[in-house]
Amino acid sequence: MAMSFEWPWQYRFPPFFTLQPNVDTRQKQLAAWCSLVLSFCRLHKQSSMTVMEAQESPLFNNVKLQRSKGHLFLLPDSSLKYLWRKAEGRQQTEGKLPVESIQIVLEELRKKGNLEWLDKSKSSFLIMWRRPEEWGKLIYQWVSRSGQNNSVFTLYELTNGEDTEDEEFHGLDEATLLRALQALQQEHKAEIITVSDGRGVKFF
Amino acid sequence: MDRFVWTSGLLEINETLVIQQRGVRIYDGEEKIKFDAGTLLLSTHRLIWRDQKNHECCMAILLSQIVFIEEQAAGIGKSAKIVVHLHPAPPNKEPGPFQSSKNSYIKLSFKEHGQIEPGRIRAVGIVGIERKLEEKRKETDKNISEAFEDLSKLMIKAKEMVELSKSIANKIKDKQGDITEDETIRFKSYLLSMGIANPVTRETYGSGTQYHMQLAKQLAGILQVPLELLSPEDLVNACKMLEALKLPLRLRVFDSGVMVIELQSHKEEEMVASALETVSEKGSLTSEEFAKLVGMSVLLAKERLLLAEKMGHLCRDDSVEGLRFYPNLFMTQS
């Protein structure tokens with residue numbers, strides 16, 4: 001099950017870790033960040049995270065980022081000197097997206113519907129690589145396909161039942177599932193109910 | 001006292017009487033003279049004194065001859081006086097009571113009650129003074145327009161120079177033919193006529209204070225031509241008008257506020273394309289690295305890179321290592 005995560009080319013591009021001032025460039029940069037966060041969280045089956053965790057995660061830290069071969073340094077006596085960092089002449093530095101920029105990426109995800117803050121102080125969040133509405137649609141499609149409208153399910157059955165093993169939403173975390181069902185509820189396609197040992201849902 | 005001229009005392013056309021006072025004595029400077037009792041008349045044009053005993057003895061000075069007037073307070077045994085300071089008499093003056101006088105002022109004292117307030121003479125005299133000021137103003141205007149004539153001639157010459165340098169620059173760029181000796185001589189003669197015997201270029205002096213010192217000296221030489229004092233503010237304001245006046249130079253203000261003067265023909269945007277090439281070749285560059293490579297000041301190098309970023313050709317990497325520019329792969333890669 002463990003796959004090596006394939007980082008996108010941007011992850012090795014130093015400017016990726018600086019919030020770009022050019023608006024058009026920034027748009028592209030943020031889109032790339034959002035995509036990276038979602039695919040990273042999907043692979044690692046991470047449905048929620050704290051901002052602290054995010055800061056420390058390899059997601060926003062490329063410890064092996066290479067910047068340049070050499071560097072021009074301005075010395076105190078105002079003379080310019082070309083210095084090399086390591087023996088190989090390759091400079092190993094860190095690519096670290098500053099926390100303010102991380103916040104901007106998270107806000108972008110929230111606007112797109114892929115992120116929800118779990119507390120008022122915005123210290124932890126729910127991350128959904130598919131938006132709740134999209135999950136709701138998939139679930140409802142399966143319900144209709146299998147002719148199970150007007151059936152009642154427990155939440156557990158939906159995500160962990162045998163019948164759903166082949167479905168994408170199999171193994172979905174409860175928080176996301178709930179939001180998916182809430183979306184369906186809004187469309188009057190489902191109703192969240194209380195069952196014997198927790199919650200369940202009735203589909204229409 | 002030699003400023004006075006004999007007069008009939010009759011007022012001219014357009015001349016009106018403002019005020020008159022009897023019992024006025026005239027002094028030549030500090031000296032008492034025979035004109036000790038007369039009627040002083042102030043008109044719109046002149047100060048007239050007529051002898052009370054001998055009406056035929058009547059003299060006047062033009063108000064425009066008055067420089068200024070002051071009051072002298074009364075003392076013990078001394079009456080209050082008005083001191084009237086005068087301009088020198090014109091050479092072609094009409095005859096008057098005195099051919100010459102060593103004094104450039106007269107005094108008026110008033111025996112009878114009241115005296116003409118100096119203010120009234122002053123007020124009327126101001127008209128004369130204002131007339132003189134107007135003349136002076138007209139002369140100054142003339143001087144300024146002559147000076148600007150020089151400046152516009154200078155600008156025309158600058159335009160010719162620019163045309164020539166453009167053609168030379170193109171030849172270098174297209175590697176088309178040699179720069180003829182004639183062109184070289186023409187170019188050098190233009191520079192000489194502007195007072196630049198040995199043109200300063202970055203090659204000769206490199207970047208840095210030496211370059212700026214030499215440039216400043218040459219600038220001082222050029223700017224001395226029609227003007228004496230020029231504040232930096234005025235220079236900037238003048239430069240702001242360059243484009244509007246369709247002169248061959250223009251002022252360019254970068255987003256950061258940095259101002260440069262460039263040739264109208266200079267296309268910074270085109271320079272940006274070549275900057276992108278340079279950065280791409282090296283992978284990434286800082287402003288200092290770029291400046292050194294291209295041979296320009298770090299300040300202008302930064303402005304060019306920032307412009308390239310603004311235009312979307314470059315993007316930045318801002319870290320503890322410093323500010324570094326990369327080709328904008330965000331836009332070019334899928």
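In the predicted model, R304(B) is buried, with a relative accessible area of 9%. The side chain of R304(B) meets that of E268(B) in a salt bridge, with 2.8 Å from N to O, and E268(B) likewise counts as buried, at 4% relative accessibility. Because E268(B) lies in helix α6 (residues 268–282) of chain B and R304(B) in helix α8 of chain B, the pair ties together parts that are 36 residues apart in sequence.

Helix α8 (residues 298–310) of chain B also contains K310(B), which forms a salt bridge with D255(B), the closest N and O atoms being 2.9 Å apart. This pair links distant parts of the chain, since D255(B) belongs to the loop between β10 (249–253) and β11 (259–263) of chain B and is 55 residues apart from K310(B). Both D255(B) and K310(B) are exposed.

A search of the whole structure finds 20 salt bridges over all chains. In chain A, one of the pairs is formed by E187(A) and K189(A), whose closest N and O atoms are 3.2 Å apart; E187(A) is partly exposed, with a relative accessible area of 45%, and K189(A) is also partly exposed, at 29% relative accessibility.

Strands β2(B) and β3(B) form a hairpin with two residues between them, and G29(B) in the turn has a positive phi of about 65°.

In chain A, three strands form an open sheet with antiparallel pairing, in the order β8-β10-β9. The edge strands are β8 (152–154) and β9 (190–195) of chain A, each of which pairs on one side only. Neighbouring strands of this sheet are turned by 30° against each other on average, direction ignored. Strand β8(A) is joined to β10 (residues 198–203) of chain A by three bridges, and the bridge partner of F153(A) in β10(A) is V201(A). Helix α6 (residues 174–186) of chain A packs on the sheet, where it touches β9 and β10 of chain A, and the direction of this helix makes about 130° with that of β9(A).

Terms used. Residues are numbered from 1 along each chain as its sequence is written. Chains are lettered from A and ligands numbered from 1 in the order in which they are written. This is a predicted model: local features need pLDDT of at least 70, side-chain atom pairs count only at pLDDT 80 or more; totals for chains, interfaces and linings use all residues. Side-chain values use heavy atoms; hydrogens and water are left out. Two strands pair if DSSP finds at least two bridges between them. Helices (H or I, at least four residues) and strands (E, at least two) are DSSP runs, numbered from the N terminus. Axes are lines fitted to C-alpha atoms, for helices over the stretch in contact, and angles run from 0 to 180 degrees between N-to-C directions. Contact means heavy atoms within 4.5 Å. A salt bridge is a side-chain nitrogen of Lys or Arg within 4 Å of a carboxyl oxygen of Asp or Glu. Buried means under 20% relative accessible area, exposed over 50%, partly exposed in between (1.4 Å probe, protein chains only).
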